[in-house]
Amino acid sequence: MSVSHRLTAPAPGWTTSTDVVVVGSGVAGLTVALNIRKAGLRAMVVTKAMLDDGSTRWAQGGIAAALGEGDTPEQHLDDTLVAGAGLCDTEAVRTLVTEGPDAVRRLIGVGAAFDLDADGEILLTREGGHHRRRIAHAGGDATGAEISRALVAAVREDPGIELIEHALVLDLLTDTEGHAAGLTLHVMGEGQRDGVGAIRARAVVLATGGMGQVFSATTNPAVSTGDGVALALRAGAEVTDLEFVQFHPTVLWLGPEAEGQQPLVSEAVRGEGAYLVDADGTRFMVGRHELNELAPRDIVAKAITQQMQLKGTEHMYLDGRHFGARMWETRFPTILASCRAHGIDPVTGLIPVAPAAHYASGGIRTDLRGRTTVPGLYACGEVACTGVHGANRLASNSLLEGLVFAERIAADLTALHHAGELPERAVDVAATRAAHAVPLPAPEARAEIQRLMSRGAGVLRSAESMAATAAGLARLAEQAREYAAEGKPGDPRVETWEAANLHLVASALVAAAARREETRGCHWREDFPDRDDADWQRHLVTALAPATGTPVTRSE
Ligand SMILES: Cc1cc2nc3c(=O)[nH]c(=O)nc-3n(C[C@H](O)[C@H](O)[C@H](O)COP(=O)(O)OP(=O)(O)OC[C@H]3O[C@@H](n4cnc5c(N)ncnc54)[C@H](O)[C@@H]3O)c2cc1C
């Protein structure tokens, strides 16, 4: 199989090569790069903005692993399966929870400094859905920033890892056998490597993170536009479980007009005892779930949304006044600062919160070695669907998944290399030229896609709301086609490429969410309020129809 669709872009004006090209510089991408170096393979890490601009840096709560006394991988597995609502791949979860504790220790070996108690043991907290204290954290609530700092420092020190910042990866290149052979990218102002170019490689690893920017309100940074999923779809790969978008229940509410990335108030705040209350001060989670405010995220997000509807308000409140100033300052310095920057003081007042898009449980389908359905193309981290999260991610399992499966990809590449099965690949230039060039939407389409998705495919979904969203997305595609036919296609540049990726990912997500006629995990259908195991305890797999380039979904 070869790439049937590609973004409209100029032909590459320069070419370079490496052994393995890694797209993305979060926990997943950097872990792959560091680990393949042990086999002597050269790595090139390509990243859209600066090295630490992905979601990893923003992670607050921490990383889950059975490190505490009395805790076991088996208990971590049980909690993960419950959150995943019947759709986790048990083998993938077992891999995560058994390899997780040592992966965290290796991360500490790379230089990440976790918070320790007086005896030098890793401090562990609790988060929603975990029946044990098993969340390791750093700098109080700055876990992701510390992980990112340590990994970035390590890759910078390794001369065998070449780093290319401000480089937007566009599409996959393949050889005549359909094996990944590199990629095309657009580099912003790097001397000889300026504009659209190509990187040839023996294997390609996608670690491009999430797709939160497909919605108007999200905790994800601006780079999280689903580029990896869109690229994989155009390259003929399968994606799965896209309908399962986790909406974080407690995102700082900044007013009705707020758009884009919004500050998160970590679950760990509830883990340490903050309450959710409505404007009357009533704790509405009590009696809804045995874990009260620490119920799994989908339950809390739904409860907040229902309470908002009931009270006719746009947000609820978190009450952490009883922590006192000292605890806020030492345990949650980042959240305290971000609240105060917006004129809210959690020490003396209530924090307004509402749900926002947070985590993509689905993504590019991979096996336990990180291999996608396209030979030589790997995926790990949030962009991948390993089967670990099922219908809903358990809090703080994502950094761990990024670590564990990145290590597994590196192990697979190392084994192939040692077996002499990782040869250089020649790019099939004719196939690339023959691929259909997708017309680019106008840059303004980004905001329109976000509005359509938040309105029709957000926390609340129904056949009617999603039909309206799908119709709006189809209108945008038609507009782009008309412009292209008139000889004035969207100008190829970062904004229009990202808009095209968002459009494709949104269309695939809506196709899956409309097809799943039940409520499960973080997918909540108003018109099908119950979980339906008889018909729906299965996955939805999406791929592009080669002829039309539209997402087609099947269940299995
Ligand atoms: C506010 C917030 C708090 C969170 N808290 C936690 C937590 O406490 N615990 C937990 O486990 N998880 C948490 N998560 C989730 C977790 O941070 C992410 O799932 C994880 O960091 C993803 O890592 P990654 O390496 O897959 O991707 P990212 O860290 O998002 O990195 C993606 C990389 O890909 C690059 N990229 C994207 N597209 C392209 C392209 N086309 N070309 C080149 N480069 C590209 C980006 O620039 C970036 O470098 C949180 C997420 C957010 C947003």
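This is a predicted model: local features need pLDDT of at least 70, side-chain atom pairs count only at pLDDT 80 or more; totals for chains, interfaces and linings use all residues.

**Helix H13 and its surroundings**

**H13 up close**
- H13 covers residues 463-485, which makes 23 residues.
- From first C-alpha to last, H13 reaches 32 Å, close to the 33 Å expected at 1.5 Å a residue.
- Which residues of H13 are buried? They are Ser 465, Met 466, Thr 469, Gly 472, Leu 473, Leu 476, Ala 477 and Ala 480.
- As a reminder, an α-helix has 3.6 residues a turn, so residues three or four places apart point the same way.
- Just after H13 comes Gly 487, with a positive phi of about 80°.

**Where H8 meets H9**
- H8 (residues 324-331) and H9 (residues 333-341) pack at an angle of about 110°, and their axes are 5 Å apart.
- That angle falls in the 65 to 115 degree range, so H8 and H9 are roughly perpendicular to each other.
- On the H8 side, Trp 328, Glu 329, Thr 330 and Arg 331 meet Pro 333, Ile 335 and Leu 336 of H9.
- Sorted by class, that contact has four nonpolar, one polar and two charged residues.

**The open sheet**
- Five strands line up as S8-S4-S3-S12-S21 in an open sheet with parallel pairing.
- S8 (161-164) and S21 (377-379) are the edge strands, each pairing on one side only.
- On average, neighbouring strands here are turned by 20° against each other, direction ignored.
- S12 (residues 203-206) pairs with S21 in the parallel sense over three bridges, and Leu 206 stands opposite Ala 379 in S21.

Technical notes:
Residues are numbered from 1 along each chain as its sequence is written. Side-chain values use heavy atoms; hydrogens and water are left out. Axes are lines fitted to C-alpha atoms, for helices over the stretch in contact, and angles run from 0 to 180 degrees between N-to-C directions. Helices (H or I, at least four residues) and strands (E, at least two) are DSSP runs, numbered from the N terminus. Angles under 35 degrees count as roughly parallel, over 145 as roughly antiparallel, 65 to 115 as roughly perpendicular and the rest as oblique. Contact means heavy atoms within 4.5 Å. Ala, Val, Leu, Ile, Met, Phe, Trp, Tyr, Cys and Pro count as nonpolar, Asp, Glu, Lys and Arg as charged, and the others, Gly among them, as polar. The expected span of a helix is 1.5 Å times one less than its number of residues. Buried means under 20% relative accessible area, exposed over 50%, partly exposed in between (1.4 Å probe, protein chains only). Two strands pair if DSSP finds at least two bridges between them.
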